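Reader: Hello! I would like to go through this chain with you, one question at a time.

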Amino acid sequence: MNQMLRVPREETSLRQRTTQTLRTAILDGVFAPGQKLSERELCESLDVSRSCLRESLQHLQAEGLITIVPHRGPEVTDISVQEVRDIYEVRASLEGLASRGFALHASAGQRAALRAKLGELAVPAVASDKVALLAIKNQFYDVLIEGCGNLVAGQMLRQLNNRVTVLRRISMSQPGRLPQTLAELDAIVTAIEQGDADQAARLSAEHVQKASQGVLRAMAEKAGPAS
């Protein structure tokens, strides 16, 4: 058998673990948007080779989480105001479509799972833990995507998810946003349970629009007054 055809299982697994570790660090806010990353320090911290690290960084660049700047190296992608508007415009359309599909096609078990995930978001211990909160919010949308009956919409939402998670961290940090989010999601789930697909779609789009407003407001406050 030709040795060139052997699959390097352990090395592939190491690259996957490296990619996941870096992805989680970015999504959890360990590395801030715009932060420059030192390949040498990352190799030492992760205990991986430079080639393994670079493959992981290229993968994360394809996901939109890392930008590799010529002659400067990798840095965490800093999403612009226009990109935020674009991302949320697409997300509003896709989530509206997914919610409509879920109301029409989801099984009783999937509907119960969606309601259960919403309940987990309201648990005080979760509400006070940003990492846990974002993880369960992602799980809520995983259930929605699985039951929406539209594979293409689901794939597109998953592709957006990493950048949305970064923005969701900003949105959920706004004072009073969590109670509003829970109320908005409860209205969406209730519309789904009642089989009102159009209402579920409309409420989902409105929920995304309100989240977008929170992110843009936070970005404006961080930037300060225009000179």
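**Overall build and charges**

Author: Residues 24 or more positions apart account for 71% of the contacts in the chain with a separation of 6 or more, a contact being heavy atoms within 4.5 Å. This is a predicted model, in which local features need pLDDT of at least 70 and side-chain atom pairs count only at pLDDT 80 or more, while totals for chains, interfaces and linings use all residues. Residues are numbered from 1 along each chain as its sequence is written, and side-chain values use heavy atoms, with hydrogens and water left out.

Reader: Thanks! How many helices and strands does the chain have?

Author: Helices (H or I, at least four residues) and strands (E, at least two) are DSSP runs, numbered from the N terminus. From that end, the elements run α-α-α-β-β-α-α-α-α-α-α-α. The totals are 10 helices and 2 strands.

Reader: What percentage of the residues in the chain is buried?

Author: Buried means under 20% relative accessible area, exposed over 50%, and partly exposed in between (1.4 Å probe, protein chains only). The chain has 227 residues. The buried share of them is 44%.

Reader: Is Thr18 buried or exposed?

Author: Thr18 lies in helix 1, which covers residues 9–27. Leaving aside residues up to four places away in sequence, Thr18 touches Leu46, Val48, Cys52 and Ser56. Its relative accessible area is 4%, so Thr18 is buried.

Reader: On to charges. How far apart do the centres of the positive and negative side chains lie?

Author: Lys and Arg count as positive and Asp and Glu as negative, without His and the chain ends. Each charge is placed at NZ of Lys, CZ of Arg, CG of Asp or CD of Glu. The chain has 27 positive and 26 negative side chains, and the centres of the two sets lie apart by 1 Å.

Reader: How many salt bridges are there?

Author: A salt bridge is a side-chain nitrogen of Lys or Arg within 4 Å of a carboxyl oxygen of Asp or Glu. Glu39, Arg50 and Arg54, for example, are linked in a network of such bridges. By this rule the count is 16.

Reader: Which residue meets Glu146 in a salt bridge?

Author: The N to O distance of this pair is 2.7 Å, and the partner of Glu146 is Arg158. The pair links distant parts of the chain, with Glu146 in helix 7 (residues 130–147) and its partner, 12 residues apart, in helix 8 (residues 151–172). Glu146 counts as exposed at 55% relative accessibility.

Reader: Are the salt-bridged residues Arg177 and Glu184 buried or exposed?

Author: The side chains of Arg177 and Glu184 meet in a salt bridge, 2.9 Å from N to O. Arg177 has 5% relative accessibility and therefore counts as buried. For Glu184 the value is 13%, so Glu184 also counts as buried.

Reader: And which residues gather in a patch of negative charge on the surface?

Author: Patches are made of residues with over 30% relative accessible area and no salt bridge, like charges being joined within 9 Å. One member, Glu89, has its place in helix 4 (residues 81–105). Glu89 is exposed because its relative accessible area is 57%. The residues in the patch are Asp78, Glu83, Asp86 and Glu89.

Key:
Patch = residues over 30% accessible without salt bridge, like charges linked within 9 Å, V, L, I, M, F, W, Y side chains within 5 Å. Areas by Shrake-Rupley, 256 points an atom, 1.4 Å probe, with all protein chains shown as cover.
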